[in-house]
Amino acid sequence: MQAWQVHENGEPGEVMRLQDIEPPAPGDGQILLKVRAANVNFPDALLCRGQYQVRPPLPFTPGVEVCGETEDGRRVIANPVLPHGGFAEYTVADAAALLPAPDALDDAEAAALHIGYQTGWFGLHRRAGLEAGETLLVHAAAGGVGSAAVQLGKAAGATVIGVVGGSGKAAVARELGCDIVIDRRSEDVVAAVKEATGGRGADVIYDPVGGEAYAQSTKVVAFEGRIVVVGFASGTIPSPGLNHALVKNYSILGLHWGLYNTKNPKLVRHCHEQLTELAARGAIKPLVSERVPLGSAAAAVQKVADGLSTGRVAVVMEEAA
């Protein structure tokens, strides 16, 4: 089969190589899946660089999220078991963790429903307790993680403010349903949020960026507001001033979605049921901005790593396409 392999750590576009290798052999409790589509995530770039919290042995195949097909023809969503990632014709996954792919979504959309939307759902509902009528601020609102949070926020009845970088991404954020869009490249984010909220600030802030975005969040979080820390796409991990959180009376909430797979897997299935229902009634639909063939996977991962994509980029197999 064909699969992308990483033999040394570095930038995805430089270290990912398309090779002919033997299909992976499933271990105990695992199942072989024919890949129909694989979604590109920022962690794929971190895996290539050797900067992810999981460091599979070299060589490995990146790709942490797929829509695949079982031997009996079921369409499923899965997180491949590394080192046999999803940027390949076949992958392996834990049989007990397979989730049915929603009928309302095509293969690329289904592959993109999992990590980003589960992270959004757990962050907004489980951790932050977002309520209808509250104001939600989403950093990187046109990106893969941010776009999911925007849709979930709107589905929950929140007023959504999206922060983006550039006019092109601003247009995408508006299409996603943001009530207010702030272009950080041409606007003062703090001043714009305060103006939009009458000085009150945002009740919930969803931050997959870190760095300057987190600093801005602390200046615009409302009384009893909640900042959900999802990731550090900026490359800078902030050091929160706990005295500031005390004085302003806000909460800083960490979210590592992957932990729920081992700590409380029933919640992951419950979340998937909620997401499937939302997809069925059209309340959410993953924004797949690009569908590329397997041969273009390395370039796709590099594009996401460089912050040049909007929504999701999906690697779609020729048969599925």
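**Exercise 1.** How many aromatic pairs does the count come to?

Solution. The model is a predicted one. Ring centres must lie within 6.5 Å to pair, and by this rule the count comes to two aromatic pairs. In one of them, Trp 121 and Phe 122 are 5.3 Å apart centre to centre, with 80° between the planes. Planes over 60 degrees apart count as edge-to-face, and this pair is accordingly edge-to-face. Phe 122 also pairs with Tyr 260: the centres are 4.2 Å apart and the planes stand at 35°, so this pair is tilted.

**Exercise 2.** Which parts does the pair of Phe 122 and Tyr 260 tie together?

Solution. Phe 122 belongs to helix α4 (residues 115-127) and Tyr 260 to helix α10 (residues 260-263), so the pair ties together parts 138 residues apart in sequence. Ring pairs link Trp 121, Phe 122 and Tyr 260 into a cluster.

**Exercise 3.** Are Phe 122 and Tyr 260 buried or exposed?

Solution. Buried means under 20% relative accessible area. Phe 122 has 0% and is buried; Tyr 260, with 15%, is buried.

**Exercise 4.** In what order do the six strands form the open sheet, and which stand at the edges?

Solution. The order is β10-β9-β8-β11-β12-β13, with parallel pairing. β10 (180-183) and β13 (251-254) stand at the edges; each has a single partner strand, so one side of each is left without a neighbour in the sheet. From one strand to the next, the twist averages 20°. Within the sheet, three bridges join β8 (residues 135-139) to β11 (residues 202-207).

Terms used:
Residues are numbered from 1 along each chain as its sequence is written. This is a predicted model: local features need pLDDT of at least 70, side-chain atom pairs count only at pLDDT 80 or more; totals for chains, interfaces and linings use all residues. Side-chain values use heavy atoms; hydrogens and water are left out. Rings of Phe, Tyr and Trp (its six-membered ring) pair if their centres lie within 6.5 Å; planes under 30 degrees apart count as stacked, over 60 as edge-to-face and the rest as tilted. Helices (H or I, at least four residues) and strands (E, at least two) are DSSP runs, numbered from the N terminus. Buried means under 20% relative accessible area, exposed over 50%, partly exposed in between (1.4 Å probe, protein chains only). Two strands pair if DSSP finds at least two bridges between them. Axes are lines fitted to C-alpha atoms, for helices over the stretch in contact, and angles run from 0 to 180 degrees between N-to-C directions.
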